[in-house]
Amino acid sequence: MRKNYIGWLFILLSVLGISLFYFYPMVQAFILSLKSGMGANLEFVGFENYARLFNDPTFISALTNTFIYLLVQVPAMIILALIFSVLLNDSTLKFRGFFRTAIFLPCVTSLVAYAVIFKYLFAVDGLVNKFLMDLSLISEPLDWLADPFLAKITIIIAITWRWTGYNMIFYLSALQNVDKSMYEAARIDGASSIQQFFYITIPMLKPIILFTSIVSTIGTLQLFDEVMNITNGGPGNATLSISMYIYNLSFEYTPDFGYAATVSYVIVILVVILSFIQFKVAGDRK
């Protein structure tokens, strides 16, 4: 019993901190989601806010956009990070340190700063249009930020550029622990580089791939900065994300904190469901 008390004493501050700053706000947010009204004038309405979600076209648009980002950007980013990590793990490659740093640097830049830069790059008179016209790929400038489809592409490119290097570092770290003799044995048996990638590298990185997939999924469901600073959710609501809709409900429209909390809990539910699916797909029994 004395050992148990000592153990609890060591983790007491952490438990109190997590309870105070994580679980208590979650409970309060759920209670808030059961209320409705303008500003601080709230009254208990039960689950009316949750029923309202299904009849809210703006929420449906935000949910659809967020899923598009999730289904396109996360797999693309994971695949790119895997490819870069394998290439930069090659001991015969010159300037490995430079390339690793160059790919990782975007994820340490300011969110607002890089979003504003992307906004100017993809403007009608921006460098992207100039580059595409110089290559004769387009005959006239594209209005990337005013076209619903192109605006989504711009957001996806921006997120991928920023976070690919972040995931790559996890894979590079994991590759350091893979026994090189496995690759040597595979080469002796006549396995090509592609076969080694699919039958050795990916299985060995499976736990890390699962981790980065879940973290990236959570991050994309909470997407806010890029949408806010590049397109401001436009044109119309074509790029609006769930997090930006929560912000609008709280601070841009007539404040409705109860409904904003309800929309916030949609993210919680989606994170739980998608994480469970990813664990099942990955075949993790723990």
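**Close-up views of a predicted model**

**View 1. Arg52 and Asp256 pair up through their side chains in a salt bridge, at 3.1 Å from N to O.** Here a salt bridge is a side-chain nitrogen of Lys or Arg within 4 Å of a carboxyl oxygen of Asp or Glu. Arg52 sits in helix α2 (residues 48-53) and Asp256 in the loop between α12 (242-252) and α13 (257-282), so the pair ties together parts that are 204 residues apart in sequence. Searching the whole structure turns up two salt bridges. Helices are DSSP runs (H or I, at least four residues), numbered from the N terminus.

This is a predicted model, so to speak of local features takes pLDDT of at least 70 and side-chain atom pairs count only at pLDDT 80 or more, while totals for chains, interfaces and linings use all residues. Residues are numbered from 1 along each chain as its sequence is written, and side-chain values use heavy atoms, with hydrogens and water left out.

**View 2. Helix α3 (residues 57-88) crosses helix α7 (residues 148-175) at roughly 40°, with the axes coming within 7 Å.** That angle makes α3 oblique to α7; angles under 35 degrees would count as roughly parallel, over 145 as roughly antiparallel, 65 to 115 as roughly perpendicular, and the rest are oblique. Axes are lines fitted to C-alpha atoms over the stretch in contact, and angles run from 0 to 180 degrees between N-to-C directions. By class, the contact of α3 with α7 has 19 nonpolar, six polar and one charged residues. For that tally, Ala, Val, Leu, Ile, Met, Phe, Trp, Tyr, Cys and Pro are nonpolar, Asp, Glu, Lys and Arg charged, and the others, Gly among them, polar.

**View 3. Helix α8 (residues 180-188) and helix α9 (residues 193-204) cross at roughly 160°, their axes coming within 11 Å.** The two, α8 and α9, are therefore roughly antiparallel to each other.

**View 4. Gly234 and Pro235 are joined by a cis peptide bond, with omega at about -5°.** Look for Pro235 in the loop between α11 (225-231) and α12.

**View 5. Phe95 has a positive phi of about 60°, although it is not a glycine.** Phe95 belongs to the loop between α3 and α4 (96-104).
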